[in-house]
Amino acid sequence: MSEQQGMFGAAGTGDTSGYGGLVHASVNPGSTERPYGGYFDQLADDLERAYPDFSDAITKVVVDRGELTLHIKKERLVEVAQILRDKLLFEQCMGVSGVHYPDRKGAELVAVYPLLSMTKNQRIRLEVATSELDAHIPSLVEVWGGNNWHERETFDMFGIVFDGHPGLTRILMPDDWDGHPQRKDYPLGGIAVEYKGATTPAPSNRRSYK
Amino acid sequence: MSEKSTTFDPYASSRETTEGTVYSVTGGDWDSLVSEIGEAKEERIIVNMGPQHPSTHGVLRLVLELEGETVTEVRPGIGYLHTGIEKNMEYRSWTQGTTFATRMDYLAPVFNETAYCLAVEKLLGITDQVPERASIIRVLMMELNRISSHMVALGTGALELGAMGPMFFAFRERELVLDTFEAITGLRMNMAYVRPGGVAQDLPEGMTVRLRELVTTLRKNFKDNERLLVGNTIWMKRTEGIGYLDLAGCTTLGITGPVLRSTGLPWDLRKMQPYCGYENYEFDVITADTCDVYGRFLIRMAELEQSLRIIEQAITKLDATHGQPVMVADKKIAWPAQLALGADGLGNSLDHIREIMGTSMESLIHHFKLVTEGFRVPAGQVYAAVESPRGELAAHIVSDGGTRPYRAHFREPSFNNLQSTSAMSEGGMVADIIGAVASIDPVMGGVDR
């Protein structure tokens, strides 16, 4: 008797067409060359003028699908954010979204900050990467107070520690939870439920269609 | 005190801890609690309000520190409705993602779907190919949804401050809108009607007639609530100057929506960064300059009329585009069959079944691949925002080129705006917290996702 795993007893991806075996290279977009188009050129000029260390702090500028992303060294994040808020009038940060790329060695965890300037009606995005082994990124709560809960959520879900946050605790998961659910190595389901002494197995272990 | 030690009351018990005495209060026993705390000679008490409290908008927990009746600190506790929607979406196809997204903010399902679908369409590069009629239907559904959502905000907000009448009227109007949703999509809530590339199906025959009647009825009925609350002395005493948050506070806390517009800034994404063809509709952005609960209430009341205006224009456009497609023409993305209501009351497409089962093997393969595996989306990341009833609702979606989202994150206005509870309530009276929270209009399904 061979061992079967998962639902429906399918092995691998369950793909029966054969096309599922095609191999795709993971995409890691390179830097975009000028002109960026739209208001992005003007914005980059303004930022270079307001921030002399631009070329040192910003590792990559990507324009994709009409959106501008500035990739920033994490040590310089607070400086750049302060300049963007005060000099380039990005009054609002719309939060933090974490992304986990286990294949990008040394830069597995990424924090993405969408910024909005109401004065100029513009949007840009900041991206900061850090290693899983040293998952620390400076907090932006001092710059945009509204990032408080967003950083707590990203800490909760990805385990990114935002240095300087006034109270970095879990926000959505229970305080005593183990692990960070949005990481790619964290399984969906897989958690047994205990209630009044009885244990209900996790959905992934509950039934087997064999 | 002595009574307490001799008889055990399961609904109003107290116990000693290292932090001091802890009382359980369940309502109706407030007098006995007050007399007991009076004996304790301690003015500073900490109250756990919620997570199961009728006036905190669902499972929201507020930890309050009180000096007498003055609030010195408010700490909102959330996460009681966390369902892992973002994680789940990584395990489902791009089309199935709509079904998850719609369940986040359960009072504004159409906005969740639209934000998600706009992001997916941007990733696919098909934003310009979405048919005009599909965009009109999206606008129609969003504005209907804005009405039903504002009705809950107004109705429950009034109920929480002690006015029961407005709630009856508000829910009467909401019911009319939900019935319309049911007629169009088959479901009252969580309808997963907006899909990447368009909408799931066209409006049923004769729908525009019914919509015109709905607009007339709603416009007449909205007056009932207006007469009850606008200018009402008691209502104004409970809401004027309460929950104050000015423009600087809103900006630093990332606040959008009616709370931001109550500071006088006319920021509305429908005007500033139009999507779904909002630039083709005439409507006004409503503001107030009072920065308080009453201003936010007036904004929501006035936005109802603006939504009706947009709906009327959408109905005219729908009549003009009758019979046009509601899904992109690209058969590698569009759902293979356009379902129609059959005589048996079930949705089906007999022509399509005849084709895939009887005539074309390739059609069958295509149908099977698209429905089970789904379409692929080119790698990259996008951010797409819509103006939901509560503010900027945005989807940050990352694709690695596969048939499922690599990462789906939603910037929920409820989640962000709930942070302002402390700024609005600290230093005020404990009873005013309720009004302040109601004016933020948080929906915990959206907050916790």
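**Notes on the chain B sheet and the A–B contact**

1. Let's start with the sheet: in chain B, three strands form an open sheet in the order E10-E11-E12, and the pairing is antiparallel. The edges are E10 (380-388) and E12 (407-411) of chain B, each of which pairs on one side only. On average, neighbouring strands here are turned by 15 degrees against each other, direction ignored. Keep in mind that this is a predicted model.

2. Now for the pairing itself. Nine bridges join E10(B) to strand E11 (residues 391-399) of chain B, in the antiparallel sense. To pick out one pair, B:Val386 has B:Leu393 in E11(B) as its bridge partner.

3. There's a helix on this sheet too: H5 of chain B (residues 109-124) packs on it and touches E10, E11 and E12 of chain B. The direction of H5 makes about 150 degrees with that of E10(B).

4. On to the two chains. Chain B puts 48 residues into the contact and chain A puts in 47 residues. About 4000 Å² is buried between chain B and chain A, with 52% of that area coming from carbon and sulfur atoms.

5. What about charges and polar groups? Four salt bridges turn up across the interface of chain B and chain A.

6. Finally, chain B's side of the contact with chain A: E10(B) supplies the largest share, five residues. By type, the residues on that side are 22 nonpolar, 14 polar and 12 charged.

Key: Residues are numbered from 1 along each chain as its sequence is written. Chains are lettered from A and ligands numbered from 1 in the order in which they are written. This is a predicted model: local features need pLDDT of at least 70, side-chain atom pairs count only at pLDDT 80 or more; totals for chains, interfaces and linings use all residues. Side-chain values use heavy atoms; hydrogens and water are left out. Two strands pair if DSSP finds at least two bridges between them. Helices (H or I, at least four residues) and strands (E, at least two) are DSSP runs, numbered from the N terminus. Axes are lines fitted to C-alpha atoms, for helices over the stretch in contact, and angles run from 0 to 180 degrees between N-to-C directions. Contact means heavy atoms within 4.5 Å. Buried area is the accessible area (1.4 Å probe) that two parts lose on being put together, summed over both. A salt bridge is a side-chain nitrogen of Lys or Arg within 4 Å of a carboxyl oxygen of Asp or Glu. Ala, Val, Leu, Ile, Met, Phe, Trp, Tyr, Cys and Pro count as nonpolar, Asp, Glu, Lys and Arg as charged, and the others, Gly among them, as polar.
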